[in-house]
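Please read them with the coordinates open.

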Amino acid sequence: MARITFQKLDDHSPLFWGLLALHAIVIAVGLGAVWYMEHHGHIVTGMNNAVVWGTPHVFAVFLIVAASGALNVASISSVFNRLAYKPFARLSGLLAIALLAGGLAVLVLDLGRPERLTVAMTTYNFKSIFSWNIYLYTGFFAIVAVYLFTMMDRGASKNPALNKAAGWFAFVWRLALTTGTGSIFGFLIARELYDSALMAPLFIAASFLYGLAFTVLVLFTMCRETRQALLSEEMVSSFRGLLVIFALAVLYFTIVFHLTNLYAAEHWKAEMFILRDGGIYTLLFWVGHILVGLLMPTAILLYAGTTSGKAMMSERRALTIASVLALIGGMSFMYSTIIGGQAYPLDLFPGKEVSSSFLDGQVSAYAPSLPEVLLGLAGVSIAMLIVGVALKVMPFLPKGVEYDS
Amino acid sequence: MSCGDTKAGSCGGGCGCASKAGAGEALNLTGGSGVDAARRFFLKSASAFTTLALAPGVTLMAFAESTPASARPADQPVSSKNRWGLLIDAGKCADGCNDCVTACSTENGWASPVKHPATDAQWIRKLTVRDPKNGSSYSLPMMCQHCAEPPCVDVCPTGASFKRADGIVLVDRHICIGCRYCMMACPYKARSFVHEPLHDQKEHAPRGKGCVESCTMCVHRVDKGETPACVEACAKAGHNAMIFGDLNDPSSEIAKRVATYRTTRIRDDLGTDPGVYYQNI
């Protein structure tokens with residue numbers, strides 16, 4: 001039976017306060033950007049009538065996908081009975097809630113009419129996957145909160161069955177949530193680079209990768225903050241293995257997605273756009289998503305497990321670098337998928353060339369504007385600020401891990 | 001009635017509401033003295049009463065003759081017995097003619113010609129279609145296709161995108177949150193997002209910054225029994241490339257032509273069942 005003690009952050013380093021202040025400033029600047037965009041309209045953004053979802057959506061979807069994956073560690077401990085992961089389950093749940101809050105904030109603040117959020121919360125069209133997602137997102141908050149309660153409440157935590165039930169429920173819910181997020185794109189029949197049932201499993205695999213990468217980076221940051229080795233070498237090794245598996249899973253679904261499209265002649269042009277002719281989107285796909293986001297982390301993590309790799313750098317360092325690369329790759333994946341999928345023109349007359357005053361038949365130009373980027377970064381900062389404050393006020397972090405044999 | 005509560009109501013939604021015009025008349029009776037005067041007064045009163053009693057009926061009959069048969073009483077909801085649609089003959093659509101676009105812009109208050117093609121609203125546009133294999137080309141107007149199975153309506157989280165019973169697809173500007181998911185879903189690039197503050201809107205076509213909009217098939221005119229502005233302009237220009245009518249009415253010209261000639265609906269393969277048909281493409 002494991003006995004784990006947890007701690008709040010109390011002995012703060014300048015790094016902690018510095019990070020909190022930085023995130024608060026970024027959020028304030030982001031809110032200023034929102035005011036600017038809402039006052040002038042979306043004309044001050046890079047978005048237009050073809051690329052209707054811009055950089056804020058890249059950040060928002062990335063954070064929402066990562067949120068579901070951040071629950072990995074908790075799921076592994078509760079659902080799959082891996083006690084070694086239990087010390088990090090609380091942080092895992094906290095991170096999931098924080099990342100989702102950050103992503104949703106960006107999504108809502110980028111609406112054309114954000115003041116009508118109450119309309120979105122009270123008026124539903126149940127045929128819309130967007131409506132389902134509103135339930136999936138709010139439900140996720142509630143379920144993970146209950147899950148955390150079963151871990152942290154003195155009475156409830158003594159009942160392993162309760163924790164396991166909540167863990168299972170949260171696990172199933174997060175799979176549904178990411179299926180819903182992927183299906184926002186997968187259900188779009190007219191967009192050649194979205195319209196696929198594979199969007200859901202691809203997003204689920206991506207969520208595992210990005211969520212774990214976020215968890216690892218927050219844990220290592222907290223190791224510095226607490227000046228404690230919060231992770232044993234075995235855990236570092238386990239995380240290393242998991243990250244490799246998740247990266248390979250994303251690679252697998254990416255390959256199947258594009259191979260399926262390439263097999264159908266009707267999609268060749270669209271595929272050639274994203275894989276060969278799409279400029280920034282092609283670059284982000286191959287260099288950002290595939291090379292930096294998947295191949296390099298896999299290579300680094302595999303090498304770090306070898307004797308020569310261990311001599312070269314510690315597994316912790318390798319894991320940190322791989323996690324950063326995976327997140328950079330994640331943003332590249334989201335950008336090339338979300339923006340690239342819209343930039344490619346709709347095929348109104350298959351086999352024909354079309355032109356009009358509405359720029360039909362042309363690849364749409366899009367460049368992120370500063371306010372969009374600031375709003376997106378504010379979403380990341382909202383998530384990190386929530387984590388920072390929560391770690392200070394409640395015992396989410398493990399202190400020492402002792403195992404009775 | 002506001003445009004927010006129009007789905008089952010009389011306004012049609014997405015447009016401004018036409019108020020019912022009432023007319024009243026003051027009756028000026030002059031009286032005289034004596035029996036003759038009394039008789040005259042009685043006869044005048046009786047005739048006046050008769051006139052008052054009969055006039056509304058006569059007037060209604062006169063109006064009934066001048067009002068198109070398709071005009072819907074303002075207090076009646078739209079009916080699924082109708083399926084309003086358009087038939088566009090690309091063979092008659094003249095290259096370089098933009099009259100339908102200009103008419104739509106004038107009628108609904110969006111700016112044309114557009115200054116910023118990427119961000120300005122375009123409810124209707126002229127499309128040039130070219131076959132790269134043989135170089136042949138034609139032009140046609142493209143707008144909301146008023147699908148029977150509209151993807152924009154399916155994906156809208158709040159139900160702001162909706163389809164009237166008579167097939168006209170509209171946006172309820174009162175509950176549109178500006179998420180733009182409908183624009184992602186529309187296969188026809190038929191919708192525009194209002195990127196800037198607006199001024200000088202038309203009463204019957206309210207628009208708003210941060211909301212999505214598209215062709216309303218001139219619902220405010222259709223409800224009065226008139227044809228959409230684009231169709232009227234095309235006829236006025238002498239091209240007669242556009243026909244508006246009830247696809248469900250076998251006796252309507254549009255239904256007859258659709259039944260007689262080979263017509264095409266754009267991206268019919270997607271199963272959206274558009275209400276806009278094209279000929280000679």
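1. In chain A of this predicted model, helix α9 (residues 233–263) and helix α10 (residues 268–277) have axes that come within 8 Å and cross at roughly 140°. Angles over 145 degrees would count as roughly antiparallel and 65 to 115 as roughly perpendicular; α9(A) and α10(A) are therefore oblique to each other. The crossing of α9(A) and α10(A) is left-handed. On the α9(A) side the contact is made by His258(A), Asn261(A) and Leu262(A), and on the α10(A) side by Trp268(A), Ala270(A), Glu271(A) and Leu275(A).

2. In soluble globular proteins, nonpolar side chains tend to be buried together. The largest nonpolar core here has 193 residues, and the members that touch the most others are Leu99(A), Leu209(A) and Leu243(A). Helix α8 of chain A (residues 199–226) gives the most to this core, contributing 17 residues.

3. What does Leu243(A) contact, leaving aside its neighbours within four places in sequence? Its partners are Leu209(A), Leu212(A), Ala213(A), Pro297(A), Leu301(A), Ala322(A) and Ala326(A).

4. One open sheet has strands from both chains: three strands in the order β2(A)-β2(B)-β3(B), with antiparallel pairing.

5. The pairing between the chains is worth checking by eye. β2(A) and strand β2 of chain B (residues 124–130) pair in the antiparallel sense over four bridges. Ser355(A) has Thr128(B) as its bridge partner in β2(B). Helix α2 of chain B (residues 99–108) lies across β2 and β3 of chain B and runs at about 160° to β2(B).

6. Chain B also has an open sheet of four strands, in the order β8-β1-β10-β9, with mixed pairing. Which strands stand at its edges? They are β8 (242–246) and β9 (263–264) of chain B; each has a single partner strand, so one side of each is left without a neighbour in the sheet.

7. Within that sheet, strand β1 of chain B (residues 84–89) runs antiparallel to β8(B), and five bridges join the two. Ile88(B) stands opposite Met242(B) in β8(B). Helix α7 of chain B (residues 253–260) packs on the sheet, where it touches β1, β8, β9 and β10 (276–279) of chain B. The direction of α7(B) makes about 110° with that of β8(B).

Key
Residues numbered from 1 in each chain as written. Chains lettered and ligands numbered in written order. Predicted model: local features only at pLDDT ≥ 70, side-chain atom pairs only at ≥ 80, totals over all residues. Core = buried A, V, L, I, M, F, W, Y, C linked by C-beta atoms within 7 Å. Buried ≥ 20, exposed ≤ 12 C-beta atoms within 10 Å, placed from the backbone. Contact = placed C-beta atoms within 7 Å. Pairing = 2+ DSSP bridges. Axes fitted to C-alpha atoms, helices over the stretch in contact; angles between N-to-C directions. Parallel < 35°, antiparallel > 145°, perpendicular 65-115°, else oblique. Left-handed = near helix turned anticlockwise from the far one by under 90°.
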